[in-house]
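Please open the model in your viewer and keep the sequence panel beside it. This tour moves from one selection to the next and says what is there each time.

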Amino acid sequence: KSVACGSHRLYLQLPTSPTSLAMPHRVRSPDDPTARMRLAARAGKLSVLQKLISREPSWRINEARDEDGWTALHLASFWGHIDCVKTLIRAGAAVDQRDVEGRTALHMACLYGEAEAVKVLLKAKAEKNLLAGRAGKTALEFAIESGSSSCATLLAEHVTPAPPAEG
């Protein structure tokens, strides 16, 4: 849906899944490359995402945030688009970047039961113990609350490598 605002058009991207009705993702303009990057990640359009990444400086991947603070990595993880998650990480997406409520891509993948995304994010060294949301919950708590036993198991079994010993 679009609305005219002066000489610009504002767009509202409505979710297509009933589980995401509470979180519409607003787009300022379809001409904004960072908005297109988020939309490609959300829709799982890998070839479009790759093309957009190749045209933008690497720092734009982490600057491409919507009003909720969601990056393309948050969206790809939320929707379970594993190839997009991997591509964004390879291109330099910050795995622990937080949205306005402090949630990372790992929190979003756990909240919506995207176990494959959780695997990829953990392999990319996403911090599983970061607290997020108003109640300050970990990714494991998000997974348990959402009823995702596969995500909860992955997190519980994941051992964070110890830092190298000094000396």
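At what angle do α4 and helix α5 (residues 82–90) pack, and how far apart are their axes? Before selecting them, note that this is a predicted model, in which local features need pLDDT of at least 70 and side-chain atom pairs count only at pLDDT 80 or more, while totals for chains, interfaces and linings use all residues. Residues are numbered from 1 along each chain as its sequence is written, and side-chain values use heavy atoms, with hydrogens and water left out.

**The whole chain**

Begin with everything displayed: the protein has nine helices and three strands, where helices (H or I, at least four residues) and strands (E, at least two) are DSSP runs numbered from the N terminus. Along the sequence, the pattern reads β-β-β-α-α-α-α-α-α-α-α-α. Of the 167 residues, 43% count as buried, a word that here means under 20% relative accessible area, with exposed over 50% and partly exposed in between (1.4 Å probe, protein chains only).

**Helices α4 and α5**

Now select α4 and α5, which pack at an angle of about 155°, with their axes 8 Å apart; axes are lines fitted to C-alpha atoms, for helices over the stretch in contact, and angles run from 0 to 180 degrees between N-to-C directions. The two helices are therefore roughly antiparallel to each other, since angles under 35 degrees count as roughly parallel, over 145 as roughly antiparallel, 65 to 115 as roughly perpendicular and the rest as oblique. To see where they meet, show A72, L73, A76 and S77 in α4 together with C84, V85, L88 and I89 in α5. The residues of this contact divide into seven nonpolar, one polar and no charged, where Ala, Val, Leu, Ile, Met, Phe, Trp, Tyr, Cys and Pro count as nonpolar, Asp, Glu, Lys and Arg as charged, and the others, Gly among them, as polar.

**S77**

Stay in helix α4 (residues 72–79) and pick S77, which lies there and is buried, with a relative accessible area of 0%. Leaving aside neighbours within four places in sequence, S77 is in contact (heavy atoms within 4.5 Å) with V85, A105, A109, E114, A117 and L121.

**T138**

Next, move to the loop between α7 (115–123) and α8, where T138 has its place. T138 is buried, with a relative accessible area of 15%. Not counting residues up to four places away in sequence, T138 touches H107, K128, N129, L130 and L131. If you draw a distance from the C-alpha atom of T138 to that of L106, 32 residues apart along the chain, the separation is 9.5 Å.

**Helices α8 and α9**

Select helix α8 (residues 139–146) and helix α9 (residues 149–157), which pack at an angle of about 155°, with their axes 8 Å apart. These helices are therefore roughly antiparallel to each other. Show A139, L140, A143 and I144 in α8, which meet C151, A152 and L155 in α9. By class, this contact has seven nonpolar, no polar and no charged residues.

**Two cysteines**

C110 counts as buried at 0% relative accessibility, and C151 counts as buried at 0% relative accessibility.
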